[in-house]
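I opened this notebook to record what I looked up in the structure, topic by topic. The entries follow the order in which I worked.

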Amino acid sequence: DSDTGVPKYAQIVQGAIEAIRRGDLKRGDQLPSVSDLCQHFGLARETVIKAYQVLKRRGIVDAKLRRGYFVRTEAIEHAVRVLLLFDELSAYKQVLYNAFLGTLAGQGIADIFFHHYNIETFEHVIRDGASRYNQYVIMPFQHERIPDIVNALEPDRVLMLDRCECVGDAYPRITQHIEGAIYEGLCTGQVRFKKYDEIVLVFPRPSHHPEVIIHDFMRFCEDRRFKGSIVHAMDEVHVRKGIAYIVIDDDDLVEMVERCQKKNFRLGKDVGLVSYNETRLKRVVAGGIAVITTDFAEMGRRAAKYVLKPDKRHELIPTRIIPRPSL
């Protein structure tokens, strides 16, 4: 209808959606070919292709090579379809994911994938998902091929999440405030460290955790005149009274608590213990584990708000220390 003021491609999109809503088109049904629609309505080929690409990006249809376009889903009420590409599933990433879904609820569908710091997996998910989603929320990692891979996506449909040092400033992002944040967090808990003779940072090797943690820790110890040391494996740790331990890996945290229990050391009395990244379980384990953490629930909420209303945001989520009895 040329008199409505609605672009013709948008009328095709709405027509397909209404046909699915009525039940005239069902999952697996083939849509009219581009040539048939052009001939029937006297449309330019580019108009029909644009309409079908919109339906494809929204996840409503799939394109099959040399066969045409087919209905992918009857869940047409969701305005946004999101690809989430996380590095790995961990307890605090679950917090982020739950907050993201809770904010998105009823307004979109999210498919989640994990690359596990494998560049081939990362590339496969991006290439396979290109043009099938409205928005892409990506946790990148340090690798020289990452920028070229994400260039396959339109920048205004991509949100970089968590740590984005490797992709430059071209993309909107919501990241942890890492540089200097660990130092500031330790400074706010300085008074709690004073009753200990030494602070030991257990930073695993190899690790995907940011190296700046080590720099901030050493700067804190030097500036505030604490005796500090770093070990890179639990095998190097000899748990002793009067020591405060900062443990980065959650598996190491479990082992540390078990060792203290075997020696009848009281956390927060005989031994200090601080973990990295908050989870609900740390609120109750051993009476409460102190943490240095980013608010990952807030990161998830802000990411969902972005995909519902994209903009050019560059946001930092603060890192802070949450004192609990273990310190």
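**Entry 1: backbone geometry**

I began with proline 206, which I found in the loop between strand S8 (198-202) and helix H9 (212-224). The peptide bond leading from arginine 205 into proline 206 is cis, with omega near -10°. I note here that the model is a predicted one.

Asparagine 264 has a phi of about 60°, and I located asparagine 264 in the loop between H10 and S11. With a relative accessible area of 65%, asparagine 264 is exposed. Alanine 286 also carries a positive phi, of about 50°, without being a glycine. I placed alanine 286 in the loop between S11 and S12, where alanine 286 counts as partly exposed at 39% relative accessibility.

**Entry 2: salt bridges**

I noted the general point that side chains of opposite charge can pair when their charged atoms come close. The count for this model comes to 21 salt bridges.

I looked up lysine 93 and aspartate 87, whose side chains form a salt bridge at 2.5 Å, N to O. Are these two residues buried or exposed? Both lysine 93 and aspartate 87 are buried.

Next I examined aspartate 250 and lysine 282, which form a salt bridge with the closest N and O atoms 2.8 Å apart. Aspartate 250 lies in helix H10 (residues 250-262) and lysine 282 in the loop between strand S11 (272-276) and strand S12 (290-294), so this pair ties together parts that are 32 residues apart in sequence. The two partners fall into separate accessibility classes: aspartate 250 is partly exposed, with a relative accessible area of 29%, whereas lysine 282 is buried, at 3%.

In the pair of glutamate 278 and arginine 283, I recorded a salt bridge of 3.6 Å, N to O. Glutamate 278 has a relative accessible area of 15% and is buried; arginine 283, at 47%, is partly exposed.

I also recorded a network of salt bridges that links Glu298, Arg301, Arg302, Asp311, Arg313 and Glu315.

**Entry 3: strand pairing of S6, S7 and S13**

I traced strand S6 (residues 158-162) to strand S7 (residues 173-176); the two run parallel and are joined by 3 bridges. Aspartate 162 stands opposite threonine 175 of S7. S7 also pairs with strand S13 (residues 314-317), in the parallel sense and over 4 bridges. There, leucine 316 in S13 is the bridge partner of threonine 175.

**Entry 4: the open sheet**

I followed an open sheet of 6 strands, in the order S9-S8-S10-S11-S12-S14, with mixed pairing. Which strands stand at the edges? They are strand S9 (228-231) and strand S14 (319-322), each with a single partner strand, so one side of each is left without a neighbour in the sheet. On average, neighbouring strands of this sheet are turned by 20° against each other, direction ignored.

Leucine 201 stands opposite isoleucine 230 in S9.

Finally, I checked helix H7 (residues 181-188), which packs on the sheet and touches strand S10 (243-247), S11, S12 and S14. The direction of H7 makes about 25° with that of S14.

How values were computed:
Residues numbered from 1 in each chain as written. Predicted model: local features only at pLDDT ≥ 70, side-chain atom pairs only at ≥ 80, totals over all residues. Heavy atoms only, no water. Salt bridge = Lys/Arg side-chain N within 4 Å of Asp/Glu carboxyl O. Buried < 20%, exposed > 50% of the residue type's maximum accessible area, 1.4 Å probe, protein only. Pairing = 2+ DSSP bridges. Axes fitted to C-alpha atoms, helices over the stretch in contact; angles between N-to-C directions. Contact = heavy atoms within 4.5 Å.
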